[in-house]
Amino acid sequence: MPPTLASLVHHSALKLTVRAGEDRLDVPVRWAHVSELADPVPYMEGGELLLITALKLDAEDPEAMRRYVKRLAGAGVVGLGFAVGVNYDEIPKALVDAAEQEGLPLLEVPRRTPFLAISKAVSAAIAADQYRAVTAGFAAQRELTKQALTDGPEGLLAALASQVDGWAALYDASGAVVATAPEWAGRRAARLTADVERLRERPAPASAVVAGAGSAEGGESVENTDRVELHTLGTGRRPRAALAVGTAAALGTAERYAVHSAIALLTLTTERSRSLQAAEQRIGTAVLRMLLAGEPDHARAVAGDLYGALLDAPFRVIVAESGPTAGSEPDRDPLGGLSEVAESAAARSGEAVLVVPEGERLVVLASDGGAAVAAVARCAAMLEGARANGEEHADEELVVGLSAPAGPIAAAAAYRQAEQALSVARRRGRVLVEHEQLAAGSVLPLLADDAVKAFADGLLRALYEHDATGRGDLVASLRAWLSRHGQWDAAAADLGVHRHTLRYRMRRVEEILGRSLDDPDVRMELWLALKATAPD
């Protein structure tokens, strides 16, 4: 620990005597400074032991001493050393009284003890404390390295928590808690996820200090006054993880060494090398291309242990695109964020996931019913909510299509399903659409597309213009006839006209449109056009 006034008083060679402030001798001393100025406060930083001979002070004036000592105490001076036998044979009573009144420790320095000896003692004690801190830091680094190599991040966190006499937690790229030490710190760590999310939005590397909150442990209410430091981990623009360190007080030098060592080791542990990441991505791309080419056996052979488990059970294909809003801002990467969400969720659950960037798209193969698919759905739901609330950067940032469950043989069909769902999501202004939702629903909502409406208006315009002249009711007659599947009597009864009248009207429809109603494709197009232009 750093030198204190008490350690200087007990220093056998200095022979210092306490004349005031005996109850405040345990305060640390940052430095010993000599000044004979009547007002040395502008040159003080706080934590100093000020050494004087009162060369320029009227040390016997009670009022002057009160003002002098009050200024020193206000500036953070931790003690005053007065050399006797130089200007005064003993410390004047006015100075002693002022020091006692302010509670400022006052030390009597005998004539045979030079101020230089006190400065050397303070300097030597500070150097020894720093050496102990560095030595302890190196020892902590060795222990943390050992634990990281033998027990992974969990062992490293346990060693770090012991070194700082507190707790530590590791968060993944999505802000979820991965591991804590000791185990009881899990609830404290979970309450900091919002702080971790805010930290990840800052340029890396980033750190922050937050205050802990009350907690309940072992069934009892415990007031938690932790001081928590948060640090991002990773070498890229987007941090891959974060570290939280909770302690009862600010970190000392040795503890600071331990935290910095843990940050470096966890970065090496959690940050995969660029070459390995690129190699895995190339394998994933090759597996995806083989599946889409209808070569599942070759895909299995290439996937090996890396992705083989993914192909042994039903999987889903996810195709995602980022909107124009995100592309205009280089600091925002919605596809990269979605990739992290899927990979982190899969890693926590121990399942395989294949993530392949494909130009402006991201393609993901994930286990049906697994954590990665669920995490992507949650992410989409959160973004939908943000858009509904009109939050900034929420519009058109991410569009996702999700296929139905499939196996390796049907991978190409699942990819097309995901693309179709993506197209529908884009037209409807949705974040995520599942292909199964489309198959279970109706085709009629798809007619709301502007292109479909434009086609319908063009196809039926001549009939509407004819009816507008009052020369007949061809549109209503066509709708009734098609709804009755071409049954003349039933359609005529619906319209309240004779069937010959209806036959005449249908011939006029054929003449005006230049199309035969005997063609089933024509009848289908006309029916869909009538549906598309029908009032809501």
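This report walks through a predicted model of one protein chain, from its overall make-up down to a few single residues.

Residues are numbered from 1 along each chain as its sequence is written. Local features are kept only at pLDDT of at least 70 and side-chain atom pairs only at pLDDT 80 or more, while totals for chains, interfaces and linings use all residues, and side-chain values use heavy atoms, with hydrogens and water left out.

**Overall picture**

The protein chain has 19 helices and 17 strands. The accessible surface comes to about 27,300 Å², and carbon and sulfur atoms own 52% of that (Shrake-Rupley method, 1.4 Å probe; for residues, only the protein chains shown count as cover). Take the contacts (heavy atoms within 4.5 Å) between residues at least 6 apart in sequence: 62% of them join residues at least 24 apart.

**Helix α12 and what covers it**

Which residues of α12 are buried? They are A372, V373, A375, V376, A380, L383, A386 and R387. Seen down the axis, these buried residues of α12 fall within an arc of 165 degrees, so they line one face of the helix; the arc is taken from the directions from the helix axis to the C-beta atoms. An α-helix has 3.6 residues a turn, so residues three or four places apart point the same way. On the face of α12 turned away from the buried side you'll find the exposed residues M382 and A388. The cover over the buried residues of α12 includes α11 (334–349) along with strands β13 (315–322), β14 (353–358), β15 (361–367), β16 (398–402) and β17 (432–434).

**Two nonpolar cores**

A nonpolar core here is a set of buried Ala, Val, Leu, Ile, Met, Phe, Trp, Tyr and Cys residues joined through side-chain atoms within 4.5 Å. The largest one has 27 residues, and those with the most contacts inside it are V287, L291, L311, F315, V317, L354 and L365. At least two residues of this core come from each of α8 (274–292), α9 (296–307), β13, β14, β15 and α13 (411–428). Helix α13 gives the most, with eight residues. Leaving aside residues up to four places away in sequence, V317 touches V363, V364, L365, G401, L402, S403, A414, Y415 and A418. A second, separate core of 25 residues includes I91, A98, L104 and L106.

**Strand β12 between two partners**

Seven of the seven residues of β12 (residues 241–247) are buried, so this strand is largely enclosed by the rest of the structure. A241, L243, V245 and T247 point one way from β12, while A242, A244 and G246 point the other way.

| Partner of β12 | Bridges | Direction |
|---|---|---|
| β6 (residues 167–171) | five bridges | antiparallel |
| β11 (residues 227–233) | seven bridges | antiparallel |

Most residues other than glycine have a negative phi, and most peptide bonds are trans. K15, not a glycine, has a positive phi of about 60 degrees; K15 lies in the loop between α1 (5–9) and β1 (17–20) and is partly exposed at 46% relative accessible area. D165 is another non-glycine with a positive phi, about 55 degrees. D165 lies in the loop between α4 (115–164) and β6, and at 69% relative accessibility D165 counts as exposed. A cis peptide bond joins A181 and P182, with omega about -10 degrees, and P182 lies in the loop between β7 (177–181) and α5 (186–190).

L530 lies in α19 (residues 520–533). Is L530 buried or exposed? L530 is buried, with a relative accessible area of 2%. Residues up to four places away aside, L530 touches L460, V475, L478, R479 and L482. L530 and D457 are 73 residues apart in sequence but 9.0 Å apart in space, C-alpha to C-alpha.

How values were computed: Helix = DSSP H or I, 4+ residues; strand = E, 2+ residues; numbered from the N terminus. Buried < 20%, exposed > 50% of the residue type's maximum accessible area, 1.4 Å probe, protein only. Pairing = 2+ DSSP bridges.
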